[in-house]
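Subject: Structure handover

Hi,

Here is the structure I promised to pass on. Please open it first, then read my notes below.

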Amino acid sequence: MPLSHPRRSALSEQVITALRAQITSGEWPVGSRIPTEPELVEQLGVARNTVREAVRALAHNGLLHIRQGSGTYVVATSELAGVMHRRFAGADPRHVAELRSTLESGAAKLAAERRTEKDLGQLDALLLRREQAWESGDAEAFVAADATFHLAVVSASHNDVMTAMHADLGEVLRDWLREDVGGELTPGTRMDHTRLVDAIRAGDAEAAAAEAASYPFLCRPERWFSSPAAGG
């Protein structure tokens, strides 16, 4: 994707826009490492300093995280997502669970009422991917697959505001899930989401809402008893 060469400040903005587009399009998904600085210089046809300036700007805005000696990683899909991640890092896990329960149950109810055949096909495919990720034993792959599945449920509500809000909270929810499942997948943290998809397919709004509302509290309930909000 070679770029034209106007004055320096405008060129930096072009590079920032090009890199942001790779992130928002999903070409560079959350958690992935972006190409190295020399690779970006070659792809964009600009100077190393311009690439470095653009990467630092996106890191400052919360989309990228620069890990010395490891590379630069995508941590959010938008500036707002980056802000949300910073704002709620370290939040009470029960509060995050309550947010998930409220948002996803409402979205699941709407999904049961509004889903299309395309939505159902997507949910079936992502449910299968989620199961395959679990069977692989890779906790990080499972976190990514589970998050993608839940975002698809919200997307099937056809409520753009709910979908955007859930996407912007994505890294907050992934952090919460990482803590919930731990570094190793165990039978005690496994949850089957087949009933949720079945309820959405059947158009059973109340059952879909109830399924979605319960999931955030089923994985590791012992977390709630140490929280002041849980009355412990």
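A salt bridge here is a side-chain nitrogen of Lys or Arg within 4 Å of a carboxyl oxygen of Asp or Glu. Side chains of opposite charge can pair when their charged atoms come close.

Two points on the source. This is a predicted model, so local features need pLDDT of at least 70 and side-chain atom pairs count only at pLDDT 80 or more, while totals for chains, interfaces and linings use all residues. Residues are numbered from 1 along each chain as its sequence is written, and side-chain values use heavy atoms, with hydrogens and water left out.

**Salt bridges**

By the rule above, the count comes to 12 salt bridges. Take Arg20 and Glu79. Their closest N and O atoms are 2.8 Å apart. This pair links distant parts of the chain: Arg20 is in helix 1, Glu79 is in helix 4 (residues 79–88), and 59 residues separate them. Helices (H or I, at least four residues) and strands (E, at least two) are DSSP runs, numbered from the N terminus.

How accessible are the two partners? Arg20 counts as partly exposed, at 24% relative accessibility. Glu79 is partly exposed too, with a relative accessible area of 26%. The cut-offs are these: buried is under 20% relative accessible area, exposed is over 50%, and partly exposed is in between (1.4 Å probe, protein chains only).

Arg94 and Glu98 also meet in a salt bridge, at 3.2 Å from N to O. They are 4 residues apart in helix 5, so about one helical turn separates them. Glu98 is partly exposed, at 33%.

Next, Glu206 and Lys109. Their closest N and O atoms are 3.4 Å apart in a salt bridge. Here too the pair links distant parts of the chain, with Glu206 in helix 11 (residues 205–214) and Lys109 in helix 5, 97 residues apart. Glu206 is exposed, at 54%. Lys109 is partly exposed, at 32%. Finally, salt bridges that share partners join Glu37, Arg48 and Arg52 into one network.

**Pockets**

Some terms first. The search runs on a 1 Å grid over the protein atoms alone. A cavity is a set of points where a 1.4 Å probe fits but cannot get out. A pocket is an open set with protein on both sides within 12 Å along at least five of seven lines. Lining residues have an atom within 4 Å of a point. Grid points are joined across faces, edges and corners, and a volume is the space filled by probe spheres set on the points.

The largest pocket holds about 590 Å³ of space. Its lining has 25 residues, and Val30, Thr77, Thr148, Leu151 and Arg174 lie nearest the centre. Which helix gives the most to this lining? Helix 7 does, with 8 residues. Helix 7 spans 139–155, and helix 1 (8–24) is among the others that supply at least two residues. By type, the lining has 10 nonpolar, 9 polar and 6 charged residues. Ala, Val, Leu, Ile, Met, Phe, Trp, Tyr, Cys and Pro count as nonpolar, Asp, Glu, Lys and Arg as charged, and the others, Gly among them, as polar.

The second largest pocket holds about 300 Å³. It is lined by 17 residues, with Glu37, Val55, Ile66, Gly71 and Thr72 closest to its centre. Two or more residues each come from helix 2 (37–44), helix 3 (48–60), strand 1 (64–67) and strand 2 (71–74). Helix 3 has the largest share, 4 residues. This lining divides into 6 nonpolar, 6 polar and 5 charged residues.

**Cavity**

The structure holds 1 cavity of 30 Å³ or more. The largest cavity has a volume of about 80 Å³. Of its 15 lining residues, Arg100, Arg130, Asp146, Leu177 and Met191 are the closest to its centre. Helix 9 gives the most to this lining, with 4 residues. The lining of the largest cavity has 8 nonpolar, 3 polar and 4 charged residues.

**Rings**

Rings of Phe, Tyr and Trp (its six-membered ring) pair if their centres lie within 6.5 Å; planes under 30 degrees apart are stacked, over 60 edge-to-face, and the rest tilted. A search of the whole structure finds 1 aromatic pair. The rings of Trp134 and Phe142 have centres 5.0 Å apart and planes at 80°, so the pair is edge-to-face. Both Trp134 and Phe142 are buried.

Best wishes
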